[in-house]
Amino acid sequence: MSTAVKNQLRVCLLSVKYNIMKEMVNKVTFLTNILFMMLNNAAFIIQWTILFSLREDIGGYTMREVMLLWGLIASSFGLSRILFARAFYLHELIVSGKLDAYLVQPKSVLLSVMTSSTETSAIGDFLYGVVLLCVFSFNIGRLLLFLLFTVTGALIITAFALLVGSLSFWFVRTDMFGRHMINCMISFATYPDGIFHGKARFLIYYVIPVGMAVYHPVHIMVAFDAGTFLGVLGYTFCIWVVAVFVFYRGLRRYSSSNLMEARM
């Protein structure tokens, strides 16, 4: 079993490597996409600098903590799009019958789908988050936690994308709903959780998994708490189990479009 898992992971990593190499054929475009994504994200530093010049904290966050928040969501979102970009476009594959090309491959259908493409600009997101950490709140312990939570955050974001995307196995017009849910998750994650109250706070902690993906990790990096740390790891595992179950449950309902399509 362990050999089979290793082989699956090796094939997936090679797929990601191949996707990145394809994007690097035009090196100027490749580097430009990365650079402009970093510059686009950096523009928001001006906004927060102005806001914090007017008051000392916002929602209980200082400038350092907001930059940590932005860095973590940027790196997590970037890593998820680098490794599992196709998970965000699952609806398109399902309703058009393009999953056929993945069903005939020897590796896991789900891993094959998720690792079949990458987004160049997402590398800029990932690097931007690391740079923010190094500039505003660097120390070795926090860097290690940041990298760990970037992985858990990327897994949670990807699992959530899989969950909303898998709804297309049951309902046809779920693409707009899925995009809005992902956009809501990213939008909420760029503001301190202290500004949300009542129903909005319930939403970001119990419906859209922003709390476990970003807010709790930021709180842990500021003031470490073992219970919350284990909770984030446990939640990451659980949401992935649910996402995988829902995907394969929906896959039983999948109907081929008889497209003559092959993946190399």
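Visitor: Which residues of α7 and α8 meet?
Guide: In this predicted model, Phe126, Gly129, Val130 and Leu133 of α7 meet Arg142, Leu143, Phe146 and Thr150 of α8, where contact means heavy atoms within 4.5 Å. Residues are numbered from 1 along each chain as its sequence is written, and side-chain values use heavy atoms, with hydrogens and water left out. Local features need pLDDT of at least 70 and side-chain atom pairs count only at pLDDT 80 or more, while totals for chains, interfaces and linings use all residues.

Visitor: How do the axes of α7 and α8 cross, and how close do they come?
Guide: The axes of α7 and α8 (residues 140–166) come within 11 Å and cross at roughly 155°, the axes being lines fitted to C-alpha atoms over the stretch in contact, with angles from 0 to 180 degrees between N-to-C directions. The two helices are therefore roughly antiparallel to each other, a term for angles over 145 degrees.

Visitor: OK, new topic: what lines the second largest pocket?
Guide: That pocket is lined by 16 residues, of which Asn41, Phe77, Asp125, Ile186 and Thr190 lie nearest its centre. A pocket here is an open set of points on a 1 Å grid over the protein atoms alone, where a 1.4 Å probe fits, with protein on both sides within 12 Å along at least five of seven lines, and lining residues have an atom within 4 Å of a point.

Visitor: Which element gives the most to that lining?
Guide: α3 does, with 5 residues; helices are DSSP runs of H or I with at least four residues, numbered from the N terminus.

Key: Parallel < 35°, antiparallel > 145°, perpendicular 65-115°, else oblique.
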